[in-house]
Amino acid sequence: MDQQVAYLVLSRIGVAIVTLIVVSFVVFAATEMLPGDVAQILLGQAATPEAVAGLRQSMKLDDPAFVRFLRWMLGLLSGDLGRSYANNIAVADLVGGRLLNTLKLALVTTVVAVPIALLLGITTAMYRGSAYDRTVNMLVVGVISVPEFMIATLAVLVFAVWLRWLPAVSFATDLSSLWGIVRAFAMPVITQSCVISAQMIRMTRAAVIDTLKTPYVEMALLKGASWNHIVLHHALPNAVGPIINAVALSLSYLLGGVIIVETVFNYPGIAKLMVDAVSTRDLPLIQSCAMIFCLGYLTLITIADIVAIVSNPRLRK
Amino acid sequence: MAPGVETLPTSGYRINAVGIAAFIVILFWALVAVFGGFLTPYPSGEIVDLDYFGPMSTSFWFGTDYLGRDIFSRILVGTRYTVGISFVSVCAACISGVVLGMTAAVMGGWFDSVLSRVLDALNSIPSKLFGLVVVAGLGSSIPVLIALLGVIYTPGAYRFARALAVNINTMDYVTVARARGEGTAYLITREILPNILGPVLADLGLRFVFVVLLLSGLSFLGLGVQPPDADWGSLVRENIGGLPFAAPAVLMPSLAIASLTISVNLLIDNLPVRIRDRSA
Amino acid sequence: MANLVEVRDLRVGAVTDSGRRIEIIKGVNLDIAEGEIVALIGESGSGKTTIALTLMGYARPGCSITSGSVRLAGFDLAKASERERAHIRGTDVAYVPQSAAAAFNPARRLIEQVIEVAAIHDLMPPEAARAKAIDLFRALALPNPETIGERYPHQVSGGQLQRLAAAMALIGDPKLMIFDEPTTALDVTTQIEVLRAFKSVMKERGMTGVYVSHDLAVVAQIADRIVVLKGGEIQETGETEAIIHRGTHPYTQELLAAFQPVPFAASHTIEAGPRPVLEVVDVVAGYGPVGPDGLPWKVALKHVSCILHKGRNLGVIGESGSGKSTLARAMAGLLPPVSGHMRLDGKPLPNALHERSKDELRRMQIVFQLADTALNPARPVGDIIGRPLTFYNGMKGAALEARVIAIMDMVRLPAAMRFRLPGELSGGQKQRVNLARALAADPEIVLCDEVTSALDTVVAAAVIELLKELQRELGLSYVFISHDLSTVQAICDDVMVMQNGEVVETLPADKLPHGATKPYSKLLFASVPKLDTGWLDGVTSDPELSRALLGR
Amino acid sequence: GEALAQTPTKGGHMKAAGWSSSTADTLDPAKASLSTDYVRCCAYYNRLTFMEEDGSIKMELAESIESRDATVWTVKLKSGVTFHNGKTFTSADVVFSLMRHLDPAVGSKVNSIAKQIVGVKAVDALTAEIRLAAANADLPTILAMHHFMIIAEGTTDFSNANGTGAFRSKVFEPGVRSIGERNENYFKPQKANLDSFEYFAIPDDSARVNALLSGDIQIASSIKPQSIRLAESRPGIVLSKTTSGNYTNLNARLDMTPGDKSDFVEGLKFLLNRQAIQRSALRGLAEIANDQPIPPTNPYFNADLKPRAFDPDKAKALFQKAGVLNQTIPIVASEAASSSIDMAMIVQQAGAGIGMKFDIQRVPSDGYWSKYWLKAPVHFGNINPRPTPDILFSLLYASDAPWNESQFKSAKFDRMLLEARGQLDFAKRKAIYNEMQVMVANEAGTAIPVFISNVDAISDKVKGLRANPLGGQMGYAFAEYVWLQR
Ligand SMILES: Nc1ncnc2c1ncn2[C@@H]1O[C@H](COP(=O)(O)OP(=O)(O)OP(=O)(O)O)[C@@H](O)[C@H]1O
Ligand SMILES: Nc1ncnc2c1ncn2[C@@H]1O[C@H](COP(=O)(O)OP(=O)(O)OP(=O)(O)O)[C@@H](O)[C@H]1O
Ligand SMILES: [Mg+2]
Ligand SMILES: [Mg+2]
């Protein structure tokens, strides 16, 4: 079985690489389709045709698109992400710190949100129909119905402006002490958790409820198992597939989808970098960011797929 | 059986009080979506108040927005976008995602692999880039917006439905249907769908919420609802500056969103159940 | 002796969706003395499982105990809290379910589920529980007792699963054991061992037992007292001897009468045409990935060949796990053989399902052994049975409805049941739905995998009668897999004996049981229980038989 | 506070936030385009000249700039100035810094303005000579623009800033933040007051204000009119307002329908409800303009040219005459041109009153300047303040102007532009510019409703900040001049 899983992982990694290349090409093509190129956008309003032509030439943008794509791909093979068109700084330098920031925030959010979400999802399934279940359900849907930027702004108003407990912008804070980090991360993490938990909670609940109807759950009841035991040992293992998929999808949001949180809390993460790169048509940077998102996403869903397969013995061939 | 059960004897379906309440709210908004445009006290784009973020008053029921426009009228006009676009695109995304997901689970093999990878790839393209390319290529109109939202949300629905469906697909009753020679269409609609409907509907409810909110994000890409009209999410976004003053301009659209999305989810949780005759 | 169980005026009801109450159990009184084994017999759907479950203070979803009391050692389970009930279940009273297949969690290893009771009630450390479980596996004659627990539920045969379920119940040493048809899926040889194991374990630990069955012969071996049920009411109670010899109630007599089957071959009138309708040649099949040697990881069929003639029936018998169901799956195309081939009506039949034509599929229908998992829990019975009619014949509307009702009537199911979901049926009812679905396809060959195992003798006899009748009218051919030799005898022309994935021998049914030549076949036939309370104890004294049993 | 303003306190670390930054952030003055770039350039580099609050020109790195014919200019440089890396500042640096704007590969934003420079010559170590293609009396003002900051000769790598400015660059993370430390070797006797300053962008308007309110930053630049009420409501916050000539205008191209009908263009100008725009869209933080680009603060402003009144009836008549009434005219607007969507809606509403249908097309701000601006028949533009009428007119209205938003072409106008440029006499120049302003207001297709004020919200701890015609935050040069009150 270990061998099967290893084979599975290897083949998925192979497929992931192909997907990466395809995505990178699509992203490249998409960028090419957008109006304006980096020379034009860097010059902004000052983009006279001659100025644009001159800059374009000096940036080697006159090569055919495909050649530039290949050049970038070849560079990537040798581990070189290229240099940003916009300011000629190595993409790796631009991305590195930002990626780390994003990962930090994502990690903290995961650690906070996933256990809480699973706990709420499972307990609401256990006490389905109870007042507790209804309250949590209302709250969950209520919380996600509030736009993210509103949650973020409200949090800032309350905790930073009125109470002055927390800094309004995460990055302007001292990150050297643990307390400083907690203060800086508190609001972004809460906001992100609000956004991603809902899906996990609802999906966990639905999947667990589905398995609670099965005869083996009835049998466990007849063995004298408590509800807790039944849910944890019987319902959950069979609901793992859908749950892990919901978790993976939710977490993938933490990489590229947190643009609002990064904006409101002025947190220098990779989502904003990507948006910047798109608006400046900074191809090497767009490509690198897209690769990172894609890689993150593929990693998450591959893990989800493998866990789902391992959790259902019938799927293991 | 839960107390507060109400029976609708004629329909052959039974629904509980919460479900009825949720349904009434949704019906209300559906009616507003259709007729709201004719009921506005003021044109939705007209500046009617010299002040901005005005309070609730008899002339402006829900106060005024950042430009001094009547929020009540703007919500009425915005309803059709929020309700209509969200509804259509969520249905499109979920139907295509779920159908594809079940098909992939049933067919398996290369169809499953290829489709899964294609949708994975689609999902890993940043949606902002995607949106921009679509606007650049196809221009911006409501159908394009709906299609875009559908495409953005299909892979998620697919993934979730597939995860559920592969488990069902291993059951003996699916094998029996296969042995009968049933086609894929039958397998997915009759053997698999009824058994994954609960989670799929729950997923649909959530996606509805996301779409309602995403709409406002896409308006800023220039997609879809064009000024002076605005969907509810955009109303909240435009007026977010009024939050510190608890301006009705930001609170009322938020309440509208919450009432609709919560109702949709409650209705899904409390769908009518068909009354079957189980007598021996 | 004090009564361990006292049931007084027990009523169990269900509320239909339209709000109407129906009563499933109508005022039952029952006493069980300490150390006594009481059998509940009665026709399918008479409420046996329901009563058995109330002894644990449990009613299936949609049903509830409406009145009466169920006292276990003086403690009223009907009024107890869920917590108190949980405390008693597994330790004071344990249950072996009717459908073992559905009772196991597909995602967890068998051993974990078997020793779970010990963990839940904190009875013993896991290692001790494991050791005890392995002892029980051995006592219940499971193959590879040390390792079988590491498998998953879908990796063992139906009979193995049922024994594992018994082990799961026994591990907590309960005071009261409830067996719900625990041997229906077992072949006779295994059945003997299991029954003996049950008997000795229960005697050793002074357990009290409730044994639900429709098989009088089995009940005769194990029960002290018999309670006969029908329509949710007790018809008659008495000492075992008294009931099996002097049963007075008409239903009891019906049951007894149905026990002696009329051998089929004798009454067979159809000319045994020379035309083979299905040929299986040298088939090798199994489970798991195909290895470098071209064989699957677990080979379940080793070069099996057999022939089914038109209008004749082939019985397949053999111990649990011998590959009977696998053969049926291979024939149906669900498990394409790695080598060998098949012919249908003289024409080559593709091995794989998807290569077969719709007509080929229609002509051969399979009835799954595990009715529970073979019925879609989300679809009403009427739809399940109606589908083949629509699918193969395009039947619709009123015609469809009429035909569904007719088919349900053939298998003795009331028409009103077509609106129910499978979860709301009794075990025997599910099995009949399963059979009805195959018959609805209007097939030429029906692969019946234990279609009567969960049916009481009366209904089973009726179903067999139905199958014969269809055969007379439509010239059907059956492959009849069963462990119940009398049933096989009642319907088959030829009987194929299987062991370990191989064909031991094939005999004409009228030569049974004395024509068997191979020792294994002999053993098998000698193991058929007799309607005689002393038979089980007598078996062991038969030197030849016990030698054979030991040699296995 | 004026008394205190006289005695600056030294020391402290200040944090200030602009409204936009991206990975395209740069330390190259020629490429500077966002507020954050300007702030950095002002802190790390110096210009030859500096524009004061009242629009007058003061010498900075130059000792003097003189010319007899406004064509050949002699620039005398300050001595004893050193770059951050210790190199001495000489005329060679001036030659390099100015000439590079002509090289297309540099991608200078002021390439089109710099084109009038035909040559810069180092006369001696501290004297440079600038030769123009044609006379231009505005050269000292032009040199006060941010892009003409002086860098060390031969600099091509801008990952660090090597300037002469009051601060040295310590941290530069594009799109994230910049930190500068006081330059102790600064050539001005009054060195910077702050020990260090940190600058970053908080693009979200309410987040920027909130950061100020919570005390995380001391300056929140360019806050939106809608946020002012919040900022005002809190103690310890002061607002600094400058109206410097930034405007968002509605352009109808004269070479495309419907702008090719002059009645349509005129009607559009009458339909522009300037009061409503000033009051509602900008919450009073604007001054009503009269369809020409020179702001009232500019000495050459034509005070006699009165803004058109909002007159829907006249507009209706004109539209009728142009034959466009009842047609649907698309207007392209975008977040990229600030307030343009609100303005569009005001025009749309006014149009609805007279049966004129305007269809607002909100397009992404991404790509707006390359895809829609200057191109769509009716669209919005947004022009930042420029120091002189000459720059504005040659950039925006001359027949060969690179940004001729409405494709306004007039030989007379071009002639007058050249004439004024060479004219060293203020009164005569003003007369010509006045007439040109009238021409633009009446003939060009650019409707300029208001000049938008810039409002910076600052903590009352920040002292020494003055207004500047080059933009908010003291023309972005605040870092050198402000101090933090303890
Ligand atoms: N999916 C599977 N994977 C691995 N082994 C399996 C699988 N299904 C069945 N087996 C094994 O194959 C052998 C034959 O199984 P099969 O179900 O054909 O037995 P059977 O003769 O029908 O027994 P029973 O009378 O108990 O139903 C058994 O040993 C069983 O454990
Ligand atoms: N949820 C339900 N709603 C209505 N009727 C039900 C429900 N569950 C079971 N029944 C009915 O109750 C009756 C008793 O069922 P039970 O399972 O006790 O039968 P049984 O005697 O064990 O039969 P078998 O031998 O077939 O297993 C059956 O007629 C069955 O159809
Ligand atoms: Mg039963
Ligand atoms: Mg079997």
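A polar contact is a pair of N or O atoms within 3.5 Å; within protein, one atom must be able to donate a hydrogen and the other to accept it, and residues adjacent in sequence count only if both atoms are side-chain atoms. This is a predicted model, in which local features need pLDDT of at least 70, side-chain atom pairs count only at pLDDT 80 or more, and totals for chains, interfaces and linings use all residues. Residues are numbered from 1 along each chain as its sequence is written, chains are lettered from A and ligands numbered from 1 in the order in which they are written, and side-chain values use heavy atoms, with hydrogens and water left out.

**Exercise 1. Describe the surroundings of ligand 1.**

Step 1. Find the shell. It holds 19 residues, counted as near if a heavy atom lies within 4 Å. The closest are G159(C), S320(C), G321(C), S325(C) and T326(C).

Step 2. List polar contacts to oxygen atoms of the ligand. A backbone N or O atom of G321(C) sits 2.7 Å from one. For a polar backbone atom of S322(C), the distance is 3.2 Å. The side chain of S325(C) brings an N or O atom to 2.6 Å.

Step 3. Check the cover. Alone, ligand 1 exposes 640 Å², and the protein buries 92% of that (Shrake-Rupley method, 1.4 Å probe).

Step 4. Assign the shell to elements. At least two residues each come from α7 (158-170), β12 (296-309) and α13 (324-332) of chain C. Helices (H or I, at least four residues) and strands (E, at least two) are DSSP runs, numbered from the N terminus.

Step 5. Sort by class. The shell has 13 polar, three nonpolar and three charged residues. Here Ala, Val, Leu, Ile, Met, Phe, Trp, Tyr, Cys and Pro are nonpolar, Asp, Glu, Lys and Arg are charged, and the others, Gly among them, are polar.

**Exercise 2. Compare the fold of chain A with its record.**

Step 1. Count elements. Chain A has 13 helices and zero strands.

Step 2. The C-alpha trace spans about 80 × 60 × 35 Å along its principal axes. Of the 317 residues in chain A, 60% are buried.

Step 3. Read the record. An unreviewed UniProt entry lists "transmembrane region" for spans of chain A including 7-30 and 243-265. Such annotations may be inferred rather than shown by experiment.

Step 4. Residues 7-30 of chain A are 100% helix, with end C-alpha atoms 34 Å apart. Residues 243-265 of chain A are 87% helix, and their end C-alpha atoms lie 30 Å apart.

How values were computed:
Buried < 20%, exposed > 50% of the residue type's maximum accessible area, 1.4 Å probe, protein only.
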